[in-house]
Amino acid sequence: MSDQPLKIMVIDDENIVGKRLKPALEKTGDIVETFEEGEKALARFAEDPFDIVVTDIRMEKIDGIEILEQILALSGRTKVIIITGYATVEIAREALSKGAFDFIAKPFKPSDLRAIIERASKELRP
Amino acid sequence: MDLHITDIEDPDINYSNEPANIPLHRRPSISIRAKIAISFSLFFILSFTVTGWSYWILTRLENKIEFLEIADNYMVEIQQARRFEKNYLLYSTDLEDALGHLKTADEILTQNSEKIETILGRDHFATMVSYMTKYHGQLVLLGRAENDAEKELVVPKLRQFGSQMVSFAGEFVEKEQNSATRMFLLAKRVPLYFMGALFVLMVFVFTFLTRQLLLTLNRFMDYTIRIGEGDFSPITPARKYRDEFTKLAEAFNHMIKELDHKHNVLLESHKLRAIGTLVAGVAHELNNPLNNTLLTASMLTEDFHTLSDDEKIEMVNDVIGETERAQRVVKNLLDFAREGETEMTPLEIDKIVEDSTRLVVNQVKFAKVDLKLDCETNLPKIHGDEQKLKQVFVNLILNAVDVLPPGGEIRIHVKKDKSRGYVLVTVTDNGPGIPEHIQGRIFEPFFTTKSQAKGTGLGLSVSRGIIKKIGGYIHLTSSPGQGTTFTVSLPATESPSEIMSK
């Protein structure tokens, strides 16, 4: 693990998600920042891009698809992982077609997400 | 092989034993047939009376004419007798002529005594006969007188009785002549009176029967309108007696019962549809607390040995909190979905509306619209079925959500309409509005502006049925571009808080 730590952003309007995922994802030595509001997350991303963004798809103001589009517009190399409330094929397909790295359906275990991030990091650091 | 035999129902179906029809049936019966029969009987009685009366008057006239003929003959005879009496006194002619005429007069009286008696009456007839007898007596005395002196003694009484006899008879003849003339006049006028009476009777019967029929028909028209609007309360007696229309009313009540039953089925199917819509939201709503629980519990096991006690307690509390959240979500939907009979209970309307907004919170969130609820305090209670009312409000909110673009607004206002004893719930959106030509049809069953997949067109018609049933009403104000407001007015039952505020 001599690699530089990855910068991971977690966006979910459920406060507990960020609270639990932050220590879970920091275990691999990565840097994790959590946000409950899409705008704040995008503003933060604009000033300092992240390697991986994990975002919930259904949120009140800006939804996950918009965040995906804006982030890919800002930084094409960023891997975006979508969290869906209830996995429907259409939403998953739409997210993937718009360039999402993968999606994960709620409820999930931290290890499930870590596995996806692991794959993402392999793509980022071949 | 199975043979299905369908019952051919008796065309003379009897619904009068149904509970809703008992008040209709428990009235004295006066059928329309009886009314028509009575009217015709009245005509018949009138005609009969007039005919009978005419017959009677003509018979009387006939008698009078007969009497007048007899009286005329009698008059001629007694006048002749008197003339011969005078001749005897003046010219000493034969007194036998006078006696002869008097005898004929007497015969006329005795022969026709019955007829004369019926007209003059027994007393007058007796007087008449006595005058003639007295005159006859004097005339006989006159005949026996030997000299002028004796004659002179008889003459005054003879003249007195003679003139009395003639004038008495003359008076009666004149009287009867006058009475016969009057009868003629009357007989001439009777047909005219009859025409008048007939006309009055006809007008009366006509207005009475048409009033009976038309008013009842109008009443039934009103019933159909009322039933069409979803008011399924049975028809109650409007008059003191029953007739053929009662059978119709009973059939109506039977139909209302069937419609009510069908309506309840419709209500249930509409509710199922609403549940279907809500479930999508609830699934998402459930996934969040589930996810939070799973994440927290996973992290708790993963880091059990490195976490501080405080952190562990916090995580366990999170698990408890999220489990309770899931429970609330499920309970709210189950309350709504619970099948059951209509239960009319006193309800707090603000709580009902609040629960309804909670049910649709996910749909509102997903559609990215803003929902604001504003309740007045100290609202009177209303009387109704909790589930069904929620169904109405959920339906109104979901309709608003469907037409609103992201960023749209739904405002719900719960307030009293103090002057009329109603509680008003207004659901306002700032969507595209409903075109005027559709507004009239919006409450019709199966009318929908949505695509086949999205709407059945039952929502508003079912909602109106629910509201009508508890004595309220629902209407909308809308103009294109200005949004739409649905107002639900519910009759308030006086609540303790209201009594206290008096």
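The buried residues of helix 8 of chain B are covered by elements that include helix 1 (15–26) of chain A together with helix 7 (244–302), helix 9 and helix 11 (386–403) of chain B. Here a residue counts as buried if 20 or more other C-beta atoms lie within 10 Å of its own, as exposed if 12 or fewer do, and as partly exposed in between, with C-beta atoms placed from the backbone. Helices (H or I, at least four residues) and strands (E, at least two) are DSSP runs, numbered from the N terminus. The model is a predicted one, in which local features need pLDDT of at least 70 and side-chain atom pairs count only at pLDDT 80 or more, while totals for chains, interfaces and linings use all residues. Residues are numbered from 1 along each chain as its sequence is written, and chains are lettered from A and ligands numbered from 1 in the order in which they are written.

The residues of helix 8 of chain B that are buried are M315(B), D318(B), E322(B), V329(B) and F336(B). An α-helix has 3.6 residues a turn, so residues three or four places apart point the same way. The helix itself covers residues 309–337, and because its 29 residues at 1.5 Å a residue should span 42 Å, the 42 Å between its end C-alpha atoms agrees with expectation; the expected span is 1.5 Å times one less than the number of residues.

Helix 9 of chain B, at residues 349–359, holds I352(B), which is buried because 22 other C-beta atoms lie within 10 Å. Leaving aside neighbours within four places in sequence, I352(B) is in contact with L347(B), E386(B), L389(B), K390(B) and F393(B), where contact means that the C-beta atoms of two residues, placed from the backbone, lie within 7 Å.

Strand 2 (residues 370–375) and strand 4 (residues 409–417) of chain B run parallel and are joined by six bridges, with C375(B) standing opposite V414(B) of strand 4. Strand 4 of chain B is also joined to strand 5 (residues 422–429) of chain B, by eight bridges and in antiparallel fashion, and here K415(B) has L424(B) in strand 5 as its bridge partner. The hairpin formed by strand 4 and strand 5 of chain B has four residues between the strands, and in this hairpin G421(B) takes a positive phi near 70 degrees. Taken as a whole, chain B has 14 helices and seven strands, and 26% of its 502 residues count as buried.

Chain A has five helices and five strands, which follow the pattern β-α-β-α-β-α-β-α-β-α along the sequence. Of the 126 residues of chain A, 39% count as buried. An open sheet of five strands in chain A has the order 2-1-3-4-5, with parallel pairing. Its edge strands are strand 2 (31–35) and strand 5 (102–105) of chain A, each of which pairs on one side only, and the twist averages 20 degrees from one strand to the next. Strand 1 (residues 7–11) of chain A is joined to strand 2 of chain A by five bridges, the two running parallel, and K7(A) has I31(A) in strand 2 as its bridge partner. Helix 1 of chain A packs on this sheet, touching strand 1 and strand 2 of chain A, and its direction makes about 170 degrees with that of strand 2; axes are lines fitted to C-alpha atoms, for helices over the stretch in contact, and angles run from 0 to 180 degrees between N-to-C directions.

Where the chains meet, 15 residues of chain B are in contact with 16 residues of chain A. The largest share of the side of chain B that touches chain A, twelve residues, comes from helix 7 of chain B.

Confidence in the model is given as pLDDT, the predictor's confidence in each residue, from 0 to 100. Chain B averages a pLDDT of 83, and 93% of the residues score at least 70. Over residues 1–9 of chain B the pLDDT stays under 50, and the model has zero contacts beyond four places in sequence for them. For the complex, the predictor gives an ipTM of 0.93 and a pTM of 0.55.

Technical notes:
Pairing = 2+ DSSP bridges.
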